[in-house]
Amino acid sequence: MPGWLEAGAWGLLGGAALVVGAAIAWFVRVPSKVVAAVMAFGAGVLISALAFDLAEEAADTGGLLATTTAFLAGALLYLAANVVLARRGARHRKRSGDQQPSESEQGGSGAAIAVGALLDGIPESVVLGIGLLGGSGVSVAVVAAVVISNVPEGLSSVAGMKQAGRSARYVFGVWSAIALVSAAAAALGHLALGDASPQVVAAITALAAGAILTMVADTMIPEAFERTQVYTGLITTLGFLVAFTVGRLGG
């Protein structure tokens with residue numbers, strides 16, 4: 001299988017996890033505390049993958065200064081985009097309660113939420129796509145982190161969309177489109193960087209990792225803490241340890 005096609009398949013897998021979470025939230029009434037607990041677990045999984053796979057690998061290849069600079073740049077880019085979207089109604093796009101505005105309350109919020117969800121998913125897809133460039137195959141820990149975290153992301157966000165009165169057509173249209181764009185982003189990331197130097201690949205990896213960590217802190221942890229309160233740290237730690245164990249066993 002061509003590398004770009006394999007990368008697209010991994011990106012599609014990560015995006016499909018969002019659709020699975022969306023379907024669960026739409027058809028099954030999941031208690032808000034369960035949603036929040038799974039979100040906390042997913043946040044811990046992502047943090048582990050960022051620390052022990054993405055950031056560490058980028059630093060080993062591209063050097064500490066380049067990695068930290070790119071990591072910070074990714075965080076700032078995500079922050080800037082998120083601030084713009086927040087002003088247009090997408091601030092609480094991953095919240096399962098009644099925080100998301102309806103279209104009647106804030107015109108254009110539906111489009112902003114859709115773009116925000118896409119913003120959250122693209123860095124993960126790029127990481128999956130360029131993870132194959134080294135020739136050793138995609139990291140099991142990174143794939144597991146993306147899939148495990150995307151299910152609660154889709155679940156929580158769609159629970160909030162449903163409460164805001166969004167239609168099934170809007171909900172499943174958004175998440176299906178994001179799954180397809182995730183596949184395309186992973187494939188394009190692989191194609192665009194196929195001839196790039198290891199240092200450039202490391203910088204892009206760090207850039208995406210910085211964006212992902214900022215997303216975790218801005219959109220996942222607030223939802224988790226609101227419902228699970230003092231248990232959030234413990235559940236996040238469990239997610240971290242599961243991902244760390246998977247990475248060690250898989251490596």
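This is a predicted model: local features need pLDDT of at least 70, side-chain atom pairs count only at pLDDT 80 or more; totals for chains, interfaces and linings use all residues.

Colleague: OK. Is isoleucine 178 buried or exposed?

Modeller: Isoleucine 178 is buried, because its relative accessible area is 3%. Its place is in helix H6, helices being DSSP runs of H or I with at least four residues (strands: E, at least two), numbered from the N terminus.

Colleague: How many residues are in the largest nonpolar core?

Modeller: There are 49 residues in the largest nonpolar core, and Val158 and Trp175 have the most contacts inside it. A core here is a set of buried Ala, Val, Leu, Ile, Met, Phe, Trp, Tyr and Cys residues joined through side-chain atoms within 4.5 Å.

Colleague: Which helices each supply at least two residues of this core?

Modeller: H1, H2, H3 (64-90), H4 (109-130), H5 (140-163), H6, H7 (198-228) and H8 do. H2 gives the most, with 9 residues.

Colleague: Since you bring up H2, what about leucine 54?

Modeller: Leucine 54 lies in helix H2 and counts as buried at 7% relative accessibility. Its C-alpha is separated by 9.1 Å from that of glycine 131, which is 77 residues away along the chain. Glycine 131 belongs to the loop between H4 and H5 and counts as partly exposed at 30% relative accessibility. Glycine 131 is also 8.9 Å from valine 142, C-alpha to C-alpha, and 11 residues from it in sequence.

Colleague: Switching to rings. How many aromatic pairs does the count come to?

Modeller: The count comes to 4 aromatic pairs. Rings of Phe, Tyr and Trp (its six-membered ring) pair if their centres lie within 6.5 Å; planes under 30 degrees apart count as stacked, over 60 as edge-to-face and the rest as tilted.

Colleague: Why is the pair of phenylalanine 52 and phenylalanine 240 edge-to-face?

Modeller: Their planes are at 70°, with centres 5.6 Å apart, so the pair is edge-to-face. It links distant parts of the chain, as phenylalanine 52 is in helix H2 (residues 32-62) and phenylalanine 240 is in helix H8 (residues 232-250), 188 residues apart. Phenylalanine 52 is partly exposed at 37% relative accessibility, and phenylalanine 240 is partly exposed with a relative accessible area of 24%.

Colleague: What about phenylalanine 52 and phenylalanine 244?

Modeller: That pair is tilted, because the planes are at 55°, and the ring centres are 4.9 Å apart. Phenylalanine 244 is in helix H8 and phenylalanine 52 in helix H2, so this pair ties together parts 192 residues apart in sequence. Elsewhere, Trp26, Phe27 and Phe172 make up one aromatic cluster.

Colleague: Which lysine lies over the face of tryptophan 26?

Modeller: Lysine 162, at 5.2 Å from the ring centre. The rule: NZ of Lys or CZ of Arg is within 6 Å of the ring centre and within 35 degrees of the ring normal. Arginine 166 also has its charged end over a ring, that of tyrosine 170, 5.5 Å from the centre.

Colleague: Last one, the surface. Which residues form a nonpolar patch there?

Modeller: Met1, Trp4, Leu5, Leu188 and Leu191, with about 560 Å² of accessible area together (Shrake-Rupley method, 1.4 Å probe; for residues, only the protein chains shown count as cover). Patch residues have over 30% relative accessible area and no salt bridge, with nonpolar side chains (Val, Leu, Ile, Met, Phe, Trp, Tyr) joined within 5 Å and like charges within 9 Å. A salt bridge puts a side-chain nitrogen of Lys or Arg within 4 Å of a carboxyl oxygen of Asp or Glu. H1 (3-27) and H6 (168-192) each supply at least two residues of the patch. Leucine 5, found in helix H1, is partly exposed at 39% relative accessibility.

Terms used: Residues are numbered from 1 along each chain as its sequence is written. Side-chain values use heavy atoms; hydrogens and water are left out. Buried means under 20% relative accessible area, exposed over 50%, partly exposed in between (1.4 Å probe, protein chains only).
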